[in-house]
Amino acid sequence: MKSSTKQNIQLIVAFLMVLISGTGGYLLLEKGWTVLDALYMTVITITTIGFGEIHDLSSNGRFFTILLIFAGLGLAAVFLTQITKVIVQSGIKNLYEKRKMNDKINKLKKHTIVCGYGNIGRAISLKLFELGLDFVVIDIDEEKLAEAEQRGYLILHGDPAVDGVLLSAGIRRSNFIVLCINDDATNINISLAARELNSDIFVVARGSDPAIEYRMLRAGANTVVYPLSLGGEQIAHILARHAGVSDKNDKVDAVHEVMGYSLRIFPHYDENPLKVSDAIQRTQALNALVLHRQDGTDIENPNGELKIVHGDSVLMLVRNSDPACKLQSKIKWSNDLLLGIPSIDAEHRVLVRYAEDFQTALQEGQGHEAISRLFDRLLEYTTSHFAREEAFMQKREYPDIEIHMKEHRRITREVMELNRDKRYIFPDSVDSFLQDWIINHINNTDRKYVKYLAAKNN
């Protein structure tokens, strides 16, 4: 337990003891007093409010009051000061985080505003992030926004139908707004507000009832999309492919190839440095074109002796006829991963199973659609798991929760970057990342709070 937390608990206990002692003292010394009378007299005495005696005090009662003032006055002052300090510090921290987020939003131009972070808004945000486009998520649900913030998205809490909220999201500097609210009337109101604030903005609205599409268009929407209809078409395409019927509109989603060559990305997630030459050999690439450092600097045509450290990545030139490198190891669940916390262990089992499914899809060379779906499932579950794990640690006052949450943010950021470039990533790199993402995180970072809980319970 943190020393500050321990001191606060001791202070609260001492303050309660003074209240109990004062109340009991008045009840013993003064006749005819109720518990409420004694408690009230104790509170106004130690806080020096000075309302006066609620009943005439005896000589013993007045002498006891003098002792109570000396015993409780300083303690009450410290107690009230500490409460004020906690409230002010919490408010300053929240204000700082909010201002930091607003500063980032104020710097955006030609960005997209996503209204609503439900299933549709989450999918749109993920794709915008993959494409490297700037966007802001607006939602009235703080829990949904907390998930979006953990993924590294810019967020804004509020009702997107309110002009002030849209202005805070930079609607006058934005090019697009997507209305993902699961209510046509609300989307119409947001469309009207958006069009009034920015007449040139492109409005895409989610629709559920085609009968009122004309109203959305009259309200300012440029186009209306029906997710249920699109889902039905996607299911039909899947059935057609399995039935051997081709669709001329289907697009081949593959890595771009020129004269039998293509580009691949080798991100390095291992904590041990690796030479560029070793990375070329491991991936069976022809050459390393660019070494991208974690700090954003690039080294073109890097020397083979240069070291690649955790977070760096290398752009490789590969021959498509060369056999793809295989995963070095298979992630599997074992009892060595058990932490002894049933709820957390159950979620870790699911994570490992999802990782196994994803690795299997890579090894079997399944299509990009199947691999993307499995990766998105793993990403979704990890984000929600991190949130529940942080709530678990916060409830138990884990002292190093900030460090643990920082590790969660790092992993989430790397997941998002990997997801953005997953079609260009070597399977070997994915294997290394999954080991760091799941296995190493459980065995190293998670076991730290398990040790804390064990020591706390002893």
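Predicted model: local features only at pLDDT ≥ 70, side-chain atom pairs only at ≥ 80, totals over all residues.

Biologist: OK, how many salt bridges does the structure hold?
Modeller: There are 11 salt bridges. One of them links Glu130 with Lys127, and their closest N and O atoms are 3.0 Å apart.

Biologist: Where do Glu130 and Lys127 lie?
Modeller: Both lie in helix H4, three residues apart, which is about one turn of the helix.

Biologist: And is Glu130 buried or exposed?
Modeller: Glu130 is buried, because its relative accessible area is 13% and buried means under 20%. Lys127 has a relative accessible area of 42%, so Lys127 is partly exposed.

Biologist: What about Glu380, which residue does its side chain meet in a salt bridge?
Modeller: The partner of Glu380 is Arg151, at 3.2 Å from N to O. Glu380 lies in helix H12 (residues 368-395) and Arg151 in the loop between H5 and E3, so this pair ties together parts that are 229 residues apart in sequence. Glu380 is partly exposed at 29% relative accessibility, whereas Arg151 is buried at 2%.

Biologist: Let's zoom out. How many helices and strands are there?
Modeller: The protein has 14 helices and 12 strands.

Biologist: What's the order of the strands in the six-stranded sheet?
Modeller: It's an open sheet with the order E3-E2-E1-E4-E5-E6, and the pairing is parallel. Strand E3 (154-157) and strand E6 (223-225) are the edge strands, each pairing on one side only. On average, neighbouring strands are turned by 20° against each other, direction ignored.

Biologist: What holds paired strands together, in general?
Modeller: Strands of a sheet pair through backbone hydrogen bonds, either parallel or antiparallel.

Biologist: Which strands does helix H4 touch?
Modeller: Helix H4 (residues 119-130) packs on this sheet and touches E1, strand E2 (135-139), E4 and strand E5 (202-206). The direction of H4 makes about 160° with that of E1. Helix H5 (residues 142-150) packs on the sheet as well, touching E2 and E3, and its direction makes about 165° with that of E3.

Biologist: And the sheet of four strands, what's its order?
Modeller: That open sheet runs E7-E12-E9-E10, with antiparallel pairing. Its edge strands are strand E7 (261-267) and strand E10 (298-300). From one strand to the next, the twist averages 25°.

Biologist: Which residue in E10 stands opposite Leu291?
Modeller: Ile299 does. Strand E9 (residues 287-292) is joined to E10 by three bridges.

Biologist: Where is Ser313 in all this?
Modeller: Ser313 is in strand E12 (residues 313-319). Ser313 counts as buried because its relative accessibility is 15%. Its contacts beyond four places in sequence include Phe266, Leu291 and His292.

Biologist: Switching topic: where does His441 lie, and is His441 buried or exposed?
Modeller: His441 lies in helix H14 (residues 427-457). Its relative accessible area is 4%, so His441 is buried. Among the residues His441 touches are His404, Glu407 and His408.

Biologist: Last one: which residues form the nonpolar patch on the surface?
Modeller: Ile9, Ile12, Val13, Leu16, Met17 and Ile20 form that patch, with about 550 Å² of accessible area together. Ile12, for example, sits in helix H1 (residues 3-29) and is partly exposed at 41%.

Key. Residues numbered from 1 in each chain as written. Heavy atoms only, no water. Helix = DSSP H or I, 4+ residues; strand = E, 2+ residues; numbered from the N terminus. Buried < 20%, exposed > 50% of the residue type's maximum accessible area, 1.4 Å probe, protein only. Contact = heavy atoms within 4.5 Å. Patch = residues over 30% accessible without salt bridge, like charges linked within 9 Å, V, L, I, M, F, W, Y side chains within 5 Å. Areas by Shrake-Rupley, 256 points an atom, 1.4 Å probe, with all protein chains shown as cover. Salt bridge = Lys/Arg side-chain N within 4 Å of Asp/Glu carboxyl O. Pairing = 2+ DSSP bridges. Axes fitted to C-alpha atoms, helices over the stretch in contact; angles between N-to-C directions.
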